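Open the model in your viewer and keep the selection panel at hand.

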Amino acid sequence: VARRRHTRTRRRRAAHKRDGEQRMAAVVLYFARTLKYELQRLATRLGFAAASPTPVTRAWLAARCASVDAAGDPAEETSIKGGENGAVARVSVGGASLIVKRPPAAAPARAVGALQCWYEREVYFYAALAEKSGVRCPKCEYAHYDGWTGEFVLVLEDLVASGFRPLGLEHAAAAAVALGALHGRSEGAFDGPLARGPLPIMPITLELKAGIEAFFVDSWKTVRGNAHYDFHDLLRDAAAADDALSLIDALAAPGVYAALTAELAEPPRTLLHGDYRPENLAVDAAGTVAAYDWQFAAVGNGAYDYAYFVALVADPDDRRRLEPELKRSYLAARAAAGAPPLRDLEADASKGALLALASFVMGAATAGDDDAAVATHRKGLVRLATATHRKGL
């Protein structure tokens, strides 16, 4: 009996020490990235050059992009509406069309992007991983991240000019196949500490899970009292609304969000898109699905991406109808790419859907009164609240 008590005490002390070390590492990481961002702001104020001119010039493009000739008419840049986490523009040059992506103008978005290394992550994906990812994405002409200023620029293929159009429900299964191929091809490839470059474990960064949980809890308090996100209005069903509110209350309980994040961070890990939903997908006439907006790229359990996509692909009735086919398509594509069977897709997807719901709560809390942002988060909360359930908790 004494030996068992001693063993339990030793284990508790070891767990307490490990938790303390993790909390300290998170604090150090947070302050290191905050300091880096402040130094980047200082560098910008001191006149360090941006990663690209605005608007871009033909000469600038020709010096960096193999497809652009230096001679010819000037480049014409047109801003594209949308893109909360990046400033996106379409550039016409020499009869061709390219997409240029830069940091957002809004300081709060840039601060979060710096903390989460969004810009480094997306540049790294296009520079090092896109061609071997197994999924169609915009061809990258130029990718650059400046660590001194936090500036970045991507010059990408214009998918619209290449014949792609927004993903519709009729191509949802094809999108599930593309996701399965992405995950199957990279399963286990990122389990080593040096294998993932700047990509974090899990889209919100595993090491910051306690701080992100605190932000989620505060965000839920804000969203719960916001008329834009009245769940009784969103769901039009009193019982369903009460269930959704109760579910998110439980998700916001101490330690729950952080524990779910840690569980989906366990190996084997695969490459995650991090924001795999129809708004970031396109399809061409041949049925090929392309994925873009990779700033949330990370490594972790593929069930996160899968649950995120299934929950957000359609309104609740269509989702329920499509879900069996999406699951079959995803699993078949994983297997075809050589991945081993999953440990428990249903259980892990339940956890992933809860984390996705939390991400939309956090997004809603910071969306302000912008009509487009509010509409995006209202739709996301409806779809996620009806796709999640308590068995993930």
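This is a predicted model: local features need pLDDT of at least 70, side-chain atom pairs count only at pLDDT 80 or more; totals for chains, interfaces and linings use all residues.

Residues are numbered from 1 along each chain as its sequence is written, and side-chain values use heavy atoms, with hydrogens and water left out.

**Stop 1: the largest cavity.** Select Met 202, Pro 203, Ile 204, Tyr 257, Thr 261, Tyr 304, Leu 355 and Ser 359, which line the largest cavity. A cavity is a set of points, on a 1 Å grid over the protein atoms alone, where a 1.4 Å probe fits but cannot get out; lining residues have an atom within 4 Å of a point. The volume is about 60 Å³. Volume here is the space filled by probe spheres set on the points, with grid points joined across faces, edges and corners. Helix H9 (256-264) and helix H12 (345-365) each supply at least two lining residues. Helices (H or I, at least four residues) and strands (E, at least two) are DSSP runs, numbered from the N terminus.

**Stop 2: the loop at Met 202.** Stay on Met 202, in the loop between helix H5 (172-186) and helix H6 (209-224). Its phi is positive, about 75°, although Met 202 is not a glycine. Met 202 is buried at 1% relative accessibility. Buried means under 20% relative accessible area, exposed over 50%, partly exposed in between (1.4 Å probe, protein chains only). Now pick Thr 205, found in the loop between H5 and H6. Thr 205 has a positive phi of about 80°, and is buried at 1% relative accessibility.

**Stop 3: the second largest cavity.** Which residues line the second largest cavity? Select Arg 277, Glu 279, Leu 312, Phe 360, Thr 376, Lys 379, Gly 380 and Arg 383. Its volume is about 40 Å³. Helix H13 (residues 371-387) gives the largest share of the lining, 4 residues.

**Stop 4: cis peptide bonds.** Zoom to Thr 54 and Pro 55, joined by a cis bond with omega near 0°. Pro 55 sits in the loop between helix H1 (2-45) and helix H2 (58-62). Then go to Pro 267 and Pro 268, where a cis bond has omega about 0°. Pro 268 lies in the loop between H9 and strand E7 (270-272).

**Stop 5: Tyr 119.** Finish in helix H4 (residues 118-129), at Tyr 119. Tyr 119 is buried, with a relative accessible area of 5%. Its contacts (heavy atoms within 4.5 Å) include Asn 85, Pro 103, Tyr 145 and Phe 152.

Terms used
On a 1 Å grid over the protein atoms alone, a cavity is a set of points where a 1.4 Å probe fits but cannot get out, and a pocket is an open set with protein on both sides within 12 Å along at least five of seven lines; lining residues have an atom within 4 Å of a point. Lists of a residue's contacts leave out its neighbours within four places in sequence.
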